[in-house]
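Dear colleague,

I am passing on the structure below, and after it you will find an account of what came out of it. Please read it with the coordinates open beside you.

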Amino acid sequence: MEPYEERRRLAIRLSVLQYLVTVVFSILAVGFWVLQVVQHARLDEMAENSHQRTLALRAPRGIVFDRNGQVLVENRHSYSISIVREHTKDLNRTIQLLAATVGFRESSVREIVDRHRREPVYRPIVIVQNASLAQVAAVTARRLDFELPDVVVEQVPTRRYPAAMAAHLFGYVGEVSDAQVTRDTTLKSGDIVGQAGIESIYNNLLMGDDGARRVVVNSVGREIRTLDEDPPSEGKRLQLTIDYDVQKAVEDGFKWSGFNGAAVILDPRSGEVLAFTSVPAYDPNAFASGIDRAAWASLNADELRPLSDRAIQGRYSPGSTFKMAVASAALEEGIITPDFKVYCPGHATFFGRPFQCWKPGGHGTLDLRQAIEQSCNVYFYTVGNMVGIDKIHKWATLLGLGEKSGIDLPNEVQGIVPSPEWKKARTGEKWYAGETISVAIGQGQVSVTPISMAVYISTIANGGTRVTPHLLKAVDDGNGWKDAPAPPPQSTVELKPETVKAIRDGLFLVVNGRGTGGAARIAGRDVSGKTGTAQVISSEGGRSARGRTDKDLRDNGWFVFLAPRDNPQIAGAVFVEHSGHGGTYAAPIAKYVLETFFAKREGQPLPPPLVPNGQPLPPVAGDDPVSPPVPALTPDAPRAAGTAR
Amino acid sequence: MFERRLYYHIDWALVAAILALCALGVVMIDATTADPTRGNSPFVVTQLYAIVIGLGAMGFMLALDYRTFTDKSHLIYIFLLALLLYVMFLGSSRMGARRWIWVGPFNLQPSEFAKVGVALVLAKFFGENRGTPGWTDLAIAGGLTCVPLALIARQPDLGTAVILVPVLLAVAFLAGMQMRALGVVSLCLVLAAPVVWQFALKDYQKTRIVSFLDPSQDAKDAGYQQIQARITVGSGGLWGKGFKQGTQGQLRFLPVAHNDFIFSVLAEEQGLAGVLVALGLYLFVILRALEAARLAKDRLGSYLVLGVLAGFTFQVVYNITMSAGLAPVKGLTLPLMSYGGSSMIATLAGFGLVLNVRMRRFTN
């Protein structure tokens with residue numbers, strides 16, 4: 001081949017290479033153009049997401065104070081350990097390692113992860129709530145070794161409730177449910193919200209605004225630096241009307257008695273709740289850091305129903321404490337005067353049926369005050385029969401019975417004060433006059449909540465204003481305390497002064513005379529009250545009696561009170577389940593509460609704690625429930641005593 | 001020896017473009033490895049040393065007539081084979097590969113120099129061969145290429161080994177090898193692929209190729225780097241995020257960002273604008289070098305330039321494609337920009353030969 005030709009071929013082939021290289025580089029340039037311009041937005045977003053992470057900063061809930069500024073509910077710090085799956089390479093390995101590190105069973109960790117598997121991967125799955133310092137240290141050390149890069153330890157504010165006090169009042173907090181998120185658009189999944197009590201009803205005030213921290217993380221999930229931080233704002237602080245010491249006295253009283261029950265103590269002038277309890281209670285602290293399912297199940301399965309708030313959800317026969325409602329009706333309607341007298345031979349016959357007084361020999365001749373003092377059944381049978389069921393219903397309702405109190409707590413239940421309309425609507429049958437007789441002494445189908453009893457005695461104490469019990473006294477939104485307006489009374493009726501005086505005199509005699517409430521007597525305090533003893537067998541019926549022990553079948557005891565007689569500053573209802581006579585346990589509890597209240601108000605040393613003696617107190621004579629249970633007038637009528645619910 | 005007038009024939013434009021790319025590389029190495037708490041990045045310092053030494057090597061390759069080197073190419077070739085054998089048995093090993101020899105403070109990677117050695121020996125072989133090369137010539141040239149190729153592939157360093165193939169093909173092409181013969185060789189290579197897949201590739205190499213075909217299949221391992229590379233490049237946009245502002249490279253979402261993925265970091269921080277500048281510089285360097293091949297006074301010079309250039313071009317194109325997540329991840333550096341002393345010195349020495357050919361186009 002000629003050199004010329006060879007040179008020419010070489011030149012051609014070099015040109016080919018030149019074009020080839022130019023084309024390849026053009027393709028590369030187009031490739032980069034596609035990535036960096038055409039797909040820029042999408043890829044940029046992926047880049048942002050892969051290196052930025054938003055961490056929620058949980059806002060502490062508002063602190064709750066008592067009426068004197070004592071802290072009731074506060075916050076503490078706890079640690080939670082979570083898995084963030086965003087950068088997880090091998091979830092199984094993470095689960096194994098984390099379970100071994102924190103000392104959990106692998107299956108239980110896996111179960112938690114599975115439950116949250118469908119949530120977005122950047123949302124932490126909380127594995128350990130309220131982690132111990134040892135767990136936190138173990139996890140942190142492994143994180144530093146890059147062994148658990150996808151596990152985060154967060155410090156979260158957690159509620160701290162006072163031990164064994166007013167659990168139902170405070171309620172508890174828990175993770176928001178899907179239904180709640182749907183109902184309230186301000187909530188978002190994962191929020192911790194109040195699920196009961198004050199925490200629930202004032203959730204909007206107590207819940208702060210969660211903050212957020214945007215951080216840059218590297219490829220193994222370690223935080224490099226903070227981009228910006230939106231600090232959380234604490235929830236509003238609440239002041240309750242509760243008085244810590246009075247509350248504690250109530251709790252100690254129940255502890256001393258060893259019985260379950262409920263108590264509501266009010267300021268009868270305003271409706272402020274000074275103390276409120278339901279026993280048995282649960283420990284709200286267990287909910288604060290996430291209650292485990294076993295504990296929740298056992299609370300729900302407990303026969304004593306610790307989750308139910310007896311004070312506003314329990315309905316019980318009021319027994320003799322109902323007699324003041326009958327007295328009010330008779331006096332206000334002008335049917336009797338306080339001096340109206342009835343002779344009690346120990347029994348009486350109405351509509352052809354015998355009704356017993358609790359005192360077999362009878363009380364002899366009594367006026368209204370004495371009838372209240374001695375809780376004479378025959379007197380109130382007689383008066384009740386004269387007044388009639390409609391007026392009894394009207395006045396009992398005006399005094400607050402059989403109605404919701406309107407307290408600022410969720411899920412209050414309405415009691416029952418029967419009326420012909422009520423019965424018609426409920427059973428379709430007409431009212432029998434004989435039923436009025438048993439209603440007159442608080443038996444039959446009368447069934448009321450402890451809180452409505454507290455309102456009832458308050459209305460008598462303040463002369464006719466059915467105050468609305470309320471717990472919120474003031475709110476601090478960060479700019480100082482502002483008094484919360486007291487809710488208006490549910491209803492007001494001007495009771496005649498002589499009505500109020502006659503009833504108060506009767507109540508005074510119950511405690512300070514020959515009555516059944518002597519256990520609540522305090523020298524110089526003019527404590528006035530009324531015991532009540534209600535049969536469980538008659539009010540709950542034989543159906544629920546099966547399988548109960550003797551103790552479960554014992555009577556429920558009531559004590560409603562106001563003090564001092566002429567200018568009542570405190571009123572309340574104490575209900576002690578299965579404690580027998582109302583004077584045995586309910587009245588001493590009330591006495592201890594009153595002693596504490598007066599001592600505190602006057603700056604005196606508080607009374608010494610009650611000592612549980614373990615032995616039953618001597619029985620109090622009088623005020624026994626009617627026996628036998630009130631039978632129905634006609635054979636086809638429902639048993640008045642057996643169907644109340 | 002180094003006549004004064006030759007100085008005027010040095011292609012200063014090519015030198016300037018090469019130095020610009022080196023500078024760009026140093027800046028990007030600084031961007032990816034600088035530790036704000038510790039001042040100068042040790043990588044930058046090492047790279048600057050390598051550039052200085054590389055320029056020295058370039059000067060040395062310029063100083064002597066390229067025919068002096070091709071005349072001695074068989075000796076150089078044998079010396080390099082000896083080095084590769086030495087590495088295979090006595091070299092220092094890192095991450096499961098034996099590629100390095102410790103020489104004082106440096107660790108030398110003989111495979112980088114093997115590329116220049118093969119270019120020299122092939123230039124000489126085809127340059128002294130009169131007429132159109134036939135099958136025998138191709139077989140001999142293939143043998144000359146395959147010995148170092150096999151030695152390098154055993155290290156294992158498949159990436160560097162494969163670069164020798166385009167060197168052979170390009171020089172043979174320029175030497176006038178019939179297109180049919182080249183076509184047959186290419187076909188053989190394609191047919192050999194499954195055999196190589198079955199017997200020669202290690203598992204991690206197979207994983208890389210599989211994950212390239214479907215990167216989303218395993219977003220956290222092999223395919224992870226590919227997706228991350230695309231995200232890194234794509235998030236840079238038109239103008240980039242700014243020097244040291246790139247988050248993907250800075251936050252180690254890309255492995256060995258100062259090395260294999262340096263172009264991704266450039267794309268992220270300097271955007272398409274920076275990419276086009278760098279691509280333009282590389283294209284200029286390559287075309288300018290092809291110009292040197294055209295101007296060479298003899299075929300041997302042209303072959304030598306192309307031998308050096310083929311490996312360089314292949315490596316540049318492959319690395320940039322990979323940096324954009326458009327090719328399987330392979331441990332191939334970007335010549336002139338990536339961190340790496342041996343590569344820098346060998347590349348600059350190779351361009352010394354290119355400059356040499358152009359400079360001496362008028363000498364006899």
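**A buried glycine and its surroundings**

Once neighbours within four places in sequence are left aside, Gly384(A) is in contact with Val326(A), Ile392(A), Thr436(A), Ile437(A), Val439(A) and Ala440(A). Please bear in mind throughout that this is a predicted model. Gly384(A) is found in helix H16 of chain A, which covers residues 377-387, and it counts as buried because it has 27 C-beta neighbours inside 10 Å, where 20 or more are required. Gly384(A) also lies 7.8 Å from Ala330(A), C-alpha to C-alpha, although 54 residues separate the two in sequence.

As for Ile457(A), its contacts beyond four places in sequence are Val560(A), Phe561(A), Leu562(A), Ala571(A), Gly572(A) and Ala573(A). In soluble globular proteins, nonpolar side chains tend to be buried together.

**Helix H10 of chain A**

Helix H10 of chain A (residues 244-257) has 14 residues, which at 1.5 Å a residue should span 20 Å, and the model agrees, because the end C-alpha atoms are 20 Å apart. Since 11 of its 14 residues are buried, H10(A) is largely enclosed by the rest of the structure. Its buried residues include the charged side chains of Lys248(A), Glu251(A) and Asp252(A), as well as Tyr244(A), Val246(A) and Phe254(A). What do the buried residues of H10(A) pack against? They pack against strands E3 (71-83), E11 (261-266), E12 (273-279) and E23 (570-576) and against helix H23 (586-601), which belong to chain A. After H10(A) comes Gly258(A), whose phi is positive, near 80°.

**The two chains and where they meet**

Chain A contains 23 helices and 23 strands, and 47% of its 645 residues count as buried. Chain B contains 15 helices and 3 strands, and 53% of its 364 residues count as buried. Among contacts between residues at least 6 apart in sequence, those joining residues at least 24 apart make up 73% in chain A and 72% in chain B.

Between the chains, 34 residues of chain A are in contact with 39 residues of chain B. On the side of chain A that touches chain B, helix H1 (3-38) and helix H2 (40-51) each supply at least two residues, and H1(A) gives the most, with 20 residues. The residues of that side divide into 19 nonpolar, 10 polar and 5 charged.

Chain A averages a pLDDT of 85, and 88% of the residues score at least 70. Over residues 538-548 of chain A, however, pLDDT stays under 50, and the model has 14 contacts beyond four places in sequence for them. The pLDDT is also below 50 over residues 624-645 of chain A, a stretch that has 52 contacts in the model beyond near neighbours in sequence. Where pLDDT is low, the predicted coordinates should not be read in detail.

With best wishes

Conventions
Residues are numbered from 1 along each chain as its sequence is written. Chains are lettered from A and ligands numbered from 1 in the order in which they are written. Two residues are in contact if their C-beta atoms, placed from the backbone, lie within 7 Å. Helices (H or I, at least four residues) and strands (E, at least two) are DSSP runs, numbered from the N terminus. pLDDT is the predictor's confidence in each residue, from 0 to 100. A residue is buried if 20 or more other C-beta atoms lie within 10 Å of its own, exposed if 12 or fewer, and partly exposed in between; C-beta atoms are placed from the backbone. The expected span of a helix is 1.5 Å times one less than its number of residues.
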